[in-house]
Amino acid sequence: MPQDLTQACADLLYTEARRLDQRDWDGWLDLYLPDATFWIPMWDTEYELTTDPQSQLSLMWYGDRSGLEDRVFRIRTGMSSASVPLPRTVHQISNILVEPQANGDVMVYANCQTMSYRHKTIDNFYCHYEHRLRPVAGGLKIAAKKIIVANDLIRDVMDFYRV
């Protein structure tokens with residue numbers, strides 16, 4: 001696998017984390033293709049996740065980027081009371097593994113720890129990322145993102161910017 005592909009994939013994940021931490025919502029949304037899915041499955045049992053966001057419960061599911069755009073709109077307009085005040089976040093990405101796919105897409109697996117501060121409390125989310133990236137003119141875009149949250153207890157609001 002070309003080293004430059006691995007670096008390009010890592011750079012995209014680092015860029016996504018930075019844009020979330022800086023609340024650069026437009027820059028963050030621009031990383032996603034219009035038909036990109038965004039999914040955070042629930043734990044069905046101690047060791048098994050739900051497998052179908054259409055028929056099973058999820059912590060979050062958007063079938064395309066418009067759902068993420070709606071979340072950003074609600075945050076900007078104050079229509080998301082659960083997001084007031086927005087937490088300060090720090091995303092740390094590690095253990096990036098890149099696997100080119102036969103169809104030209106690239107699967108990227110990584111771990112993430114997000115620390116956030118809100119209401120005088122520090123929270124941590126521990127996650128496994130699965131990004132499906134697609135080459136487009138000028139680089140890579142996110143075609144799908146799946147986040148597996150490893151926490152057993154979610155004490156406060158969880159939204160896209162906290163994981």
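This is a predicted model: local features need pLDDT of at least 70, side-chain atom pairs count only at pLDDT 80 or more; totals for chains, interfaces and linings use all residues.
Reader: Which residue stands opposite Ser 94 in strand 4?

Author: Strand 3 (residues 88-100) and strand 4 (residues 106-118) run antiparallel and are joined by 11 bridges, and pairing requires at least two. Within strand 4, the residue that stands opposite Ser 94 is Asn 111.

Reader: In the hairpin of strand 3 and strand 4, which residue takes a positive phi?

Author: This hairpin has 5 residues between its strands. The residue with a positive phi, near 100 degrees, is Gly 104.

Reader: Why do the buried residues of helix 3 line one face of the helix?

Author: Helix 3 (residues 65-77) has 13 residues and reaches 18 Å from its first C-alpha to its last, close to the 18 Å expected. Its buried residues are Arg 65, Gly 67, Leu 68, Arg 71, Val 72 and Ile 75. Seen down the axis of helix 3, these residues line one face because they fall within an arc of 160 degrees.

Reader: Against which elements do the buried residues of helix 3 pack?

Author: Arg 71, Val 72 and Ile 75 are among the buried residues of this helix, and these three are also touched by Phe 160. As for whole elements, the buried residues of helix 3 pack against helix 2 (25-29), strand 1 (32-41) and strand 2 (58-62).

Reader: Which residues have the most contacts inside the largest nonpolar core?

Author: The largest nonpolar core has 39 residues, and its largest share, 6 residues, comes from helix 1 (residues 3-21). Those with the most contacts inside this core are Trp 28, Phe 38 and Phe 160.

How values were computed:
Residues are numbered from 1 along each chain as its sequence is written. Side-chain values use heavy atoms; hydrogens and water are left out. A nonpolar core is a set of buried Ala, Val, Leu, Ile, Met, Phe, Trp, Tyr and Cys residues joined through side-chain atoms within 4.5 Å. Buried means under 20% relative accessible area, exposed over 50%, partly exposed in between (1.4 Å probe, protein chains only). Helices (H or I, at least four residues) and strands (E, at least two) are DSSP runs, numbered from the N terminus. Contact means heavy atoms within 4.5 Å. The expected span of a helix is 1.5 Å times one less than its number of residues. The arc is that of the directions from the helix axis to the C-beta atoms. Lists of a residue's contacts leave out its neighbours within four places in sequence.
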